[in-house]
Amino acid sequence: MARPLDARALAALAANPGCRRRALLDGAGVDKGALAEAIGSPSAAFGQSQFAFMRGNAFEAKVKGDGGTELLRLLHERMGAGSEPPGDATAPDLAAAGPEGRAARTALALREATAAGSWALLDHPMLALEVAGSPAYLEPDAVVVHPDGRWTVVEIKSFPMIDAAADPSKVGAAARQSAVYVLALERVASLTDGASVDHSVLLVCPKDFSNLPTASVIDVRKQLSVTRRQLTRLARIEDIADGLPPGITFDLDGQSGESLASAVEAVPAVYAPECLAACELAFHCRGRAREEGAVTALGRAMRGELGGLTTIGEVLAAARGESGDPADPTVAAVRRAAALRAEAGVPCR
Amino acid sequence: MSLISTLARLEAVESGRAQPLTTVRHRHLSERPLVFVPLTTAGEAGAPLGALVGSDRAAPTLLVVPQPRDRDLRFTFLADLAEAVLPYLDAYADDVEPAERSETDPETGKKTKVEAELCADAPQLIVPGRAGIDFVRLLGRSMRFRRTAEQDPDAPYPAPPRVPLLGRWFTHYAERARTPGAALLLAATDLLNRHWASGQSSLEDQHLGALLAWIDPPEGESGAEAALRAELARGADGQLLCPPAGPATDPAFDNRLLAPAVERYDRARQALQTAEDGLAADERLVQLTIAEREIRRLLAAQLMPTWTAVWRALDLLRELPEGERAAARWTSDRWSFTGHRDRIAAGEPPQPRRDDAVTAATKLLRRERAQAELEAGEALDDPLVMAGRRLAGEAFAGEVVEVTPAWTESKRPSPRPLVTLRTDDAPHLAEGTKVYRTLDGKPQKAEFVTYEPEGALVLRILDKMGRAKDPAPGSVPDKGDRICWTLFEHEQRGAPKLPDPEATPWTHGGPPGSGTAEQPDPLTPEDLL
Amino acid sequence: MTAFDPGAAAAGATDAILADTLHGVSRGVVVDSPPGAGKSTLVVRAALELAAAGRPLMVVAQTNSQVDDLVVRLAEKAPDLPVGRLHSNDSDPYDKALDDLDNVRKSSKAGDLAGLDVVISTAAKWAHVKSTDTGGPWRHAIVDEAYQMRSDALLAVAGLFERALFVGDPGQLDPFAIADAEQWAGLSYDPSASAVSTLLAHNPELPQHRLPVSWRLPASAAPLVSDAFYPFTPFRSGTDHGDRRLAFGVASDGSAPDRALDEAAESGWALLELPARHTPRTDPEAVRAVARVVRRLLDRGGAATSERSPEPVPLTAARIAVGTAHRDQAAAVRAALAELGVTGVAVDTANRLQGREFDVTVVLHPLSGRPDATAFHLETGRLCVLASRHRHACIVVCRAGVTDLLDDHPSTEPVQLGVTVKFPDGWEANHAVLSHLAEHRVVWQP
């Protein structure tokens, strides 16, 4: 049942780093989609359309086809920095048994390629990174070794770059995901003579309306520093687990929906509407936040002007003059807002 | 978000129904808008899957691409779309009225009025959501550089005749949609969100079905319940009862219904191509037609709820009276439409891929002016919007308690009466801050002088009082008048004159050069659009 | 290794800038100036030297008060120099102090000022001037506060001059647009970007200088401000530890505000930390704490000793400023100060404190008490302005819990292709400043 933490999940943690529920469930490799289904709060649409899936695979295959000639040409053009064009790049075989074996094989291939001082293209290498006390195995689309010992992460996405611009939220997600790979690569590089990891990555996408690849260099230093800090403070999963009542498990087999739901509730969550697009449990958490009348269920920004008032009931009671200290600027402001609204013809009911 | 709209959202939660954010409608709505509900193929840039389009809610035109990877079928779709949209646009092009436009004389730099034609009304496009506006832009970009067989007899895959023209119009409409307050191309969700606060977050408000559920819940049901149903409820077949408003489709629809139907269509087409005689071909053609009809049926079922929802949204919006200044903004839209009509008639090339430095700067300045005008206009048209500005300290309303005549100290004294006003508002005033009120539809300017005890403040009126020593009748407030003053200006000042693109200075890379005529996109056999 | 001589380093930089400006071949010269590094002095000196060389020039500043300030400084240095002040048609378009200056001519028409050695105005006013109004383009221009100028504003005026000296502080608040400019992100001439970024994107070969010494920031502040906000263009303090001293005539009463004052006098920084709580923007406790600190600063008879004078100078209200993020916070602090009978202290937002200098500043931390951090509150320039106005000490008043707020801040920023990443990031700069302030923490339970 447990699924290892992947880079996408790690990068997604940054969407809501304060949520312990998500940290624990992701860290423990719980299938949140199935869990949401089991507790009766299925998510809206986290599946992938097979059209998109096929297109993504076909594009990646095209980019890497012919020994990666086109990919290496793009990389050399964008970030070659005056080096020899990659003629015959080596493409080491990375096959091995299990993720640990593949990670070891990848590290060896990186060392050999760096020592050889020539171009090398590692297709789907495996990298290991310790996250919150448990190992995570990460699989970037490709890593290129430059003759000067630089390692560059390559990320291949199937959203288009049209007239040299692309959907900024998708590029942002790709940058965060790539930063995780860079971080994992740096651990290997620190043990490899002459190696360094590029803090820029190459993003390869279809050009305009064609399926010809084009590429753009993305500086991921910002994402790196955020990821680095978040990984170091990501509460150790055991610590979160230790704080739970004994006997709690998220085993989907042999547990009723009710008992699963109470297990979920035992881990504190921080719900915000952004979760709906990033976490399979979001509809469950939204339901709870709404039951509690939390103003943040309406958006993180809602609390900005509400100070210590955190529930809808508190705010409305204060607005109507039923509760709250008029000397509190928040209370005074919501009363003023209610009065102005009433003056304009919409009384506070 | 202002506290007033925050409060409205919280009240919506409590009452189970969306709450008004305005007392009037701040966007012009055409009497006969063209509604366009497109769907796109997942994972493909600009590979349309289907659309409902039309200006008659009872008779939408259904356009379908049974195999989105097939270039010919996509071209057929676009040609049909052009036939559905262009006659609608053309119908507005010839009904003109005389108007004046101010132009800058290139020789003297003076502004002069010139006679011009202005289209009496403009065509209006409505899409379900913001993603729909982006899709119109994407379609515009994908079509406008296409070459037809007539333009380029050697084009390997010539586009149908009117497709590039539709691309130029879609591009123009999508670009105009970036101007604040413009109404040539609008998203139903944006329209609703401007006028109502739902009991959910602004992210959830992008779901047209859920938003409508809050604004207009079914009898006996709360907005929250109805919205949840719109978001999540699925039928026995696992399909959403309220499909996404597009252009993206639900993956469950793609995987369980559409993919098998497309596969059947592909097989039927292959079978038809390999038919060995006429009889078999007829039989297989029937199979192909059945397969295509099935895809049409599936897409129609996905599209119809959104089509109905968009028209329902328009009904709700029409119940609000139109704000006074919305009409003036619509006139700008008419100029925009007329201008593009003229550029096409003059044979100008399609809009370039990216703006040059001068065009970009000009657009940004115009949009900033439009934004300021929109914010001022909405507040002046609507006490509920003004309430938000008052809460923010950007406006104040109060009763005149005293008027003291005063004059300037010059040879020909002009009136500068002092007005004392009592207000409960807390505007951000400092000595000399300029404030404005509306007087006979024009702004009158005053300046803040000082605070007096008990929430009173003194203003000095500065203009609109005539040329005589004593103020013209009615130009100075009377004791007992209740007046709303704003700290923001009601009208925007003249924008600076930017250089012509050919005179782009060295700081911005110099003139863009003449060899920059846009080339069509290169074509490869596997292109998507 | 020789000791760092700030005077020589600064003079060397100035000489190189003037040499490039007066005798260089490039059309432009760019000067980065950190806080208090003598930017205005440089602008005045460059203007005087160009005028003295018989090369009339136009000066572009961003606000009317900046323009008036430059006019006054020029007249102080060279009372006989004919200077033109081009102004708008509004009422009170310029500082009345200019009326007392004999050689300053004022007009709203550029033609009236043609032929004067130096003509100064705002970018907004210059944008309406045509080259023909003044008899052809100027051979020289100085563009002041160029990092706060938008690219489109430079586009509107660049046709008026042949070559220019661009001076500004890259660490301050960026210019902004009130309409969406996303579609031009990544273009070299993005109209919403800063004038300098467009200029350098198109003219990467232009000489770039920086002023290496801050004469304002004390030795206790320069390293932090330099590391946190200018990581790639470091600068030093012009004075050393011990050159400046802040002392009080009245001893501490042991209260937290007094202990914070003593900490600030000793180390240049203090963090007066209130208990963690989510509050409205105008957090009454924090506002009162700010007012209390200012009141005690005055009551305790503060005196500042510095390289400017051998004798201690009394710390008066005019030498103290309070900085906030929002206008309503500034208004609340003003009201609280009035209640305590304090007048004459500048209380303003970061935007309005830009370019100003005080002996001691009291800052209400932008993230204090906030339930969420927004891009506005995290903006690097805002914190940089607030943390770099003082000559002696800066006291920050803040609720506990901001570090957690930063750590829980979602990081889901969109990324535009082709846009140069701006460093430092506000999130990181905030962490850096907070961890430094934590060493000077005084906890207060009011």
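Biologist: At what angle do helix H1 and helix H12 of chain B pack?

Modeller: Axes are lines fitted to C-alpha atoms, for helices over the stretch in contact, and angles run from 0 to 180 degrees between N-to-C directions. In this predicted model, H1 (residues 3-15) and H12 (residues 383-391) of chain B pack at about 125°, with axes 8 Å apart. Helices are DSSP runs of H or I with at least four residues, strands are E runs of at least two, and both are numbered from the N terminus. Under 35 degrees counts as roughly parallel, over 145 as roughly antiparallel, 65 to 115 as roughly perpendicular and the rest as oblique, so H1(B) is oblique to H12(B).

Biologist: Which residues meet there?

Modeller: Contact means C-beta atoms, placed from the backbone, within 7 Å. Leu3(B), Ile4(B) and Ser5(B) in H1(B) meet Ala387(B), Gly388(B) and Leu391(B) in H12(B).

Biologist: And how many residues does each chain give to the contact of chain A with chain B?

Modeller: Chain A gives 46 residues and chain B gives 48. On the side of chain A that touches chain B, H12(A) gives the most, with eight residues.

Biologist: What does chain C contain, by helices and strands?

Modeller: Chain C has 15 helices and 19 strands. Its C-alpha atoms fill a box of roughly 65 × 55 × 55 Å along the principal axes. Among its contacts with a separation of 6 or more, 76% join residues 24 or more positions apart.

Biologist: How should I read the numbering and the confidence limits?

Modeller: Residues are numbered from 1 along each chain as its sequence is written, and chains are lettered from A in the order in which they are written. Local features need pLDDT of at least 70, side-chain atom pairs count only at pLDDT 80 or more, and totals for chains, interfaces and linings use all residues.

Technical notes. Contact = placed C-beta atoms within 7 Å.
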